[in-house]
Structures are given as C-alpha cells and as structure tokens.
Amino acid sequence: ADTGEDFRGPRWAVATVRVRHVLRVIDKETTSVSGVAFSPDGKTVVTGSKDGIAQIWDVATGQVRRSLPCGDSYLESVAFSPDGSRLAVGVGTSDRVVQVWNLATGKIERTLEGEGWRVVFAPDGRSLAGMHLGTNPTDQTSTVIWDLGTGAIRRTLAGGVLAYAPDGKSLVTADSGGKVLVLDASTGGVLRTLAGTLPAAGQDD
C-alpha cells in the first residue's frame, strides 16, 4: 500500500499473506476453475469449473463440503446470496441459464433463462443481475435483472453488471466500449458516467 511521499519519492509498505490451504479440484485441464467466490461469513469458498461442477470448500480445512452438478456445460460465474443460503451459477455454452441453488436442500430452487457471464445478487437477496455478452460480435453487452420470487425479468440495463451499491438502489456496469455507468436499479436510468474507461465488459486485460 502507498504510505505517502517524501523527497526520495513514494514509499510502499509490503504486506505478506499467509497461505492456509491450497484448494485443488483435480489436476487436469477439464476441471480448470472458471469462477470463484467467498461466502458472506468467509468460512467457505465456491469454485465453478469448466466441467460443470460447482464445489463448496471449507476454508479452515481445505476440504470439499459439497459438490453440485450443474450440467455438462462450463460454469461462467458463481455468487453467494447475501445471507449465504443460496448460490447462483451462470451455466455457459448452449445452456445459457442461471441456476439458483438452495444450499440447505442441495437442490436447484430456480432456473433463470438467460446468460450469466457474471452474476451479482442485490443486497436484499430478492433479485439477481446477470451479464449478457450476446451471441454475435456486434451484440451490445447488457445486464438482465431477474425477480427471484417469480423468475421473471424485471428489466434489462445497458452494460455488463459489475457491482450493486450497498443500499441496492444503484449498480455499476461497463458497456461494450468500456464506459463505466452508474445506473438507477429501479428505472435503468444513467445516474452518472464515470471518468475514464475499463476494458470492455467480458474482455480480459
């Protein structure tokens, strides 16, 4: 972290992070990790892999608590609900659905039609935002917001979702050109366009 400046230039403090456990799925190409997320209490980590398996790991022991078979397609993204009771999984390729798992029962609670290249729960846990990249190079990146009570699409917003505000009233997206937008979560209206740009949504650095 930057700790300030003196006449010799910037000073930096370097912190070390102690590795407690290495979480490994299986050492082969078909199970490479494609998504990862901590649970809200920090006690577990979920990994999504390219073989369609989501695994929930115990951080303290490094052991797998549960494996969830999400289908034959690779998993694009994973996210815990704010209370940790549900898990959203974006399933890619031909399936292009988002599965919402009930972690108490170990069963799929709801299947949402649409792409979830990135999935983000609203802070109240009642809705879920999913990034849609489109199927053609000319398609514009967008965000679909689903009502988790009904499974219906509430609205479609410009740009790919990055994060919700803590109060859930706004969210941040990045459009296909890399512009960063702050949107009203209820109306989809642009509240602010932030200065500078990010890499276009869905593209690696």
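## Reading a sheet and its cores

In β9, valine 100 is the bridge partner of alanine 88.

Student: How many bridges join β8 to β9, and which way do the two strands run?

Tutor: In general, strands of a sheet pair through backbone hydrogen bonds, parallel or antiparallel. In this predicted model, β8 and β9 run antiparallel and are joined by six bridges.

Student: What is the strand order in the open sheet?

Tutor: Its four strands go β7-β8-β9-β10, with antiparallel pairing. From one strand to the next, the twist averages 20 degrees.

Student: Why is one side of β7 and of β10 left without a neighbour in the sheet?

Tutor: β7 and β10 (107-113) stand at the edges, so each has a single partner strand.

Student: Now the largest nonpolar core. Which residues touch the most other members?

Tutor: The general idea is that in soluble globular proteins, nonpolar side chains tend to be buried together. Here the core has 15 residues, and Val46, Leu68, Cys70, Leu87 and Val89 touch the most other members. β5 (53-58), β7 (75-80), β8 (86-91) and β9 (97-102) each supply at least two residues of this core. Apart from that core lies another, of twelve residues, including Ala122, Ala129, Ile145 and Ala185.

Student: What does valine 89 touch, leaving out residues up to four places away in sequence?

Tutor: Cys70, Leu75, Ser77, Val78, Val97, Val98, Gln99 and Trp101.

Note on methods:
Residues numbered from 1 in each chain as written. Predicted model: local features only at pLDDT ≥ 70, side-chain atom pairs only at ≥ 80, totals over all residues. Heavy atoms only, no water. Core = buried A, V, L, I, M, F, W, Y, C linked by side-chain atoms within 4.5 Å. Buried < 20%, exposed > 50% of the residue type's maximum accessible area, 1.4 Å probe, protein only. Contact = heavy atoms within 4.5 Å. Pairing = 2+ DSSP bridges. Axes fitted to C-alpha atoms, helices over the stretch in contact; angles between N-to-C directions.
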